[in-house]
Every structure is written in C-alpha cells, then in structure tokens.
Amino acid sequence: MSKPDSFDYGWVIVGAGALMTCVGFGTMLSLAVFLQPISEAMGWSRAGVSAAATLDFLCMGVAAFLWGTLSDRFGTRIVVLAGSVLLGLGLVTASQAAHLWQFQLFFGVLIGIAAGSFYAPMMALASAWIEKNRSLAVALVSAGMGVSPVTIAPTASWLISTYDWRTAMLVIGIAAWVLLIPACFLVRPAPQAVDTATADAAPETELTAAQALRTPQFIALAAAHFACCAAHSGPIFHMVSYAMICGIAPLTAVTVYSVAGVSGLGGRLLLGALADRIGAKPVLVGGLFVQAMCIATYLAVAKLGEFYALSVVFGLAYGGVMPLYAVLVREFFGARIMGTVFGAVSAFASLGMALGPWAGGLVFDNFQRYTWLHAGSFAIGLAAVAVALSFPSKRGQSHDLGRAAA
C-alpha cells in the first residue's frame, strides 16, 4: 500500500490544483465583467472585445496539449510556474493596452496559453498522487473552475466600480502572481512506488504518446469531450440572454446563471464520489444523458421557478461529467503519458467550448430566438452519449490498446 505521508500530501497537490484552476479560469472568464466597461471607456466594439474570449479558448486548446507533453517530460512544477508567470503577464499587459489588437493579443492569446497550463497537468498529477479516491481528487481540482465565478468575477466587478477597468485588471494580474507562484512550489512529483491497486489500474500494454493518440479509445474520449462541451457551452453562455427573452428581469436572469455555476461545483463533487464507487464510465454516460435532456428542456421552460430548477439539474450534470474524462485517461493509458493524452483530450474540449457561444450568437442573429441552438445542442448532446457508450467499460479491455495502435 502507499505510504500514509505520500497519500496525505496528495491532497496538498489537489488544493494547489484547485487554486490554479480557480485563478486561471476565473481571470479568463472575468472578461464578461470587463466587457461593458472596456467597450465604453475605449470605444471598442463589444464584438472586438469579445473576440478575446474566443482566442482564449482556441489558444488554451492548443496550449493544453503542449503543456501536457512538457509536464510528462520535464515535470509539472516548471509547467505551472511558467503558466503562472504568463497569466500575470497577460493581465498586466492587457491592462495597459492602447489598441484593440493589443488587448486581443495580451488577453486573448497570453491568458489563453497560460490557462492551458493548469488544468491537464494538475489533473494528471492529482490522479497520480491519489489512488483510493482518484475521481474525487480530480473533481476537486476541477472544482476550482466552479468556484471562479463567485470569487474572481465579483472581485473584478468591485474593483472596476471602485477604480476603473485598467486598475482592476492590473490588480488581478499582480494578485495572480502573489497567489500562484508560491503555490507552484508546493507541486511535487508523485511517488514512484506502485502498489497492487495501481498495477490493476494501469494498462497492460505500455504505449508511447504517439501510439496512444492513434487508438480508438483516445478518439472516443476526445470526440465525447468535444461533443459534451459543444453541447453545453452554447446554452450556458446564452443562458442569461435567453432568460431575459422569456421576460425575466436582467439582474434576476444573472442569478439563474449563478445557480447553474454553484450547482456545477456540487456536481463535480457528487459525480466524482459516485465514480469512485461504481466506475467513471457509467457515471459519465448517465451525466451526459441528463445533460442532453436538460438542454432539450430549455425548449419548454419560460418561468423563473422553472429556470431555477433546470439550472440546478443542468449544473449538476455538466459540472459533474467534466473531471471524469481525466479519470478514464488515467485508467486506460496510465500515469506516464497522462499529461500528453489528457492535454490532447482537453484541446478538443476547448474547441467545443469555443464553438457553442459563436453558434448561439449566429443562430440568434438569424432567427431572433434560441430554438435552433437548443435543438442542435440537444442533438450534439445525444451524440456525446453515444460516443461515450463506445468506450470500453472494463479495465481489462485495455490490453486491446496495443493492437489498436499498431
């Protein structure tokens, strides 16, 4: 069995990872708070400022794969340290941007690249440290993303109202350095000792990263994660706007979004604990099915109470499934190349996240309603369920990996 001190320190890794995902994703998503003040102060179009968010997701997707590969080769600490420095640098320089293209470069590219350094490497490291409650551990690292809307965004809003957008972004950038750089030095490599449980969880055939990326198992996980994110990102991004179209007051509509975010945090913990008991695949499939049904339900809701109830269930589903992809990557490909493989899976997820908001805007611009967004997202959500079902359900099937990659 693992040494008790090794097991205990794994939860320090989990805590550091949760902080990194909270600050990294929180600063990136805080653009929604900065959007109006920046547009009004600088005279830049909202579409131009919002383009930085699209760049964030695209750059994060590409960077996640590269950061994951670097973490496998050089260790996680140097990767998250570089990302932390880059994150603060992106915020500080964006706060001083004089032209729109400068803001898009600093906030959209630098911060997107930086945010990609935290999720996949820290999820991989946490799964290597924690054995008994691995699904819960990666869920807690992912939970940082759920906490960010109720920490970073309100802080940014208060700073903007007290000072201005430049000061607010500068302060958040410096705070990111203060919080994250020390946390990076808590990151340690996982112990090399392997017990029986770990041996059972590792694939029988050791693959190189290049071989793993050609397997049907990787393709299934990447496609499922892409479809999962493409399905829920549009309804989430346009949730407030849709509620307002249904006659709900703007400030109240924001609370509908907040309820979904808080529920997503609970979903990560609930489904993570459940996956430790019955396995990651059945929980993933069930969560994806509930997510798809919730998206379809948006076609029928119109009252505030209905929106709140749907937000709770929808948040539990989309938040809960997100960490489970990391668990399946760990189980079927092992710890040695997990950073690379999960980084690649995360890259596809980022592309799905970038697709939804754009598609929703396109649909509304053409039809002045979100019906086709929810119908299309429902269909994509069902596709995610079908793809997830194709993934092998038993660890013993992982011996087929070598033949599949050959």
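Set aside the neighbours within four places in sequence, and Gly 90 is in contact with Phe 106, Leu 110 and Ile 111. Contact here means heavy atoms within 4.5 Å. Gly 90 sits in helix H4, residues 76–94. Helices are DSSP runs of H or I, at least four residues long, numbered from the N terminus. At 0% relative accessibility, Gly 90 counts as buried. Buried means under 20% relative accessible area, exposed means over 50%, and partly exposed falls in between, with a 1.4 Å probe and protein chains only. Val 62 is 28 residues from Gly 90 along the chain, and their C-alpha atoms are separated by 17 Å.

The model is predicted: local features need pLDDT of at least 70, side-chain atom pairs count only at pLDDT 80 or more, and totals for chains, interfaces and linings use all residues. Residues are numbered from 1 along each chain as its sequence is written, and side-chain values use heavy atoms, with hydrogens and water left out.

Turn to the nonpolar interior. A nonpolar core is a set of buried Ala, Val, Leu, Ile, Met, Phe, Trp, Tyr and Cys residues joined through side-chain atoms within 4.5 Å. The largest one has 96 residues. Met 20, Phe 34, Phe 103 and Phe 342 have the most contacts inside it. Helix H6, residues 119–129, gives the most to this core, with nine residues.

Phe 103 deserves a look of its own. Not counting residues up to four places away in sequence, Phe 103 touches Leu 31, Ile 38, Trp 44, Val 49, Ala 52, Ala 94, Ala 97, Gly 108, Trp 165 and Met 169.

Next, a helix pair. Two packed helices are described by the angle between their axes and the distance between the axes. Helix H2 (residues 31–42) packs on helix H8 (residues 152–162) at about 20 degrees, with the axes 9 Å apart. Axes are lines fitted to C-alpha atoms, for helices over the stretch in contact, and angles run from 0 to 180 degrees between N-to-C directions. H2 and H8 are therefore roughly parallel to each other, a label for angles under 35 degrees. From H2, Val 33, Phe 34 and Pro 37 meet Ala 153, Ala 156, Ser 157 and Ile 160 of H8.

Gly 26 belongs to helix H1, residues 4–29. Gly 26 is buried, at 4% relative accessible area. Beyond its neighbours within four places in sequence, Gly 26 is in contact with Thr 21, Ser 148 and Ile 152.

Helix H18 spans residues 338–367 and holds Ser 346. Ser 346 is buried too, with a relative accessible area of 5%. Residues up to four places away aside, Ser 346 touches Ala 64, Tyr 119 and Ala 120. The loop between H18 and helix H19 (371–389) contains Gln 368. Gln 368 counts as exposed, at 51% relative accessibility. Its phi is near 55 degrees, a positive value in a residue other than glycine.

Finally, a charge. Arg 268 lies in helix H14, residues 250–278. Arg 268 is buried yet has no salt bridge, defined as a side-chain nitrogen of Lys or Arg within 4 Å of a carboxyl oxygen of Asp or Glu. The nearest side chain of opposite charge, Asp 276, is 14 Å away. Lys and Arg count as positive and Asp and Glu as negative; His and the chain ends are not counted. Contacts of Arg 268, not counting residues up to four places away in sequence, include Ala 139, Ser 142, Met 145, Gly 319 and Pro 323.

Methods:
Helices (H or I, at least four residues) and strands (E, at least two) are DSSP runs, numbered from the N terminus. Angles under 35 degrees count as roughly parallel, over 145 as roughly antiparallel, 65 to 115 as roughly perpendicular and the rest as oblique.
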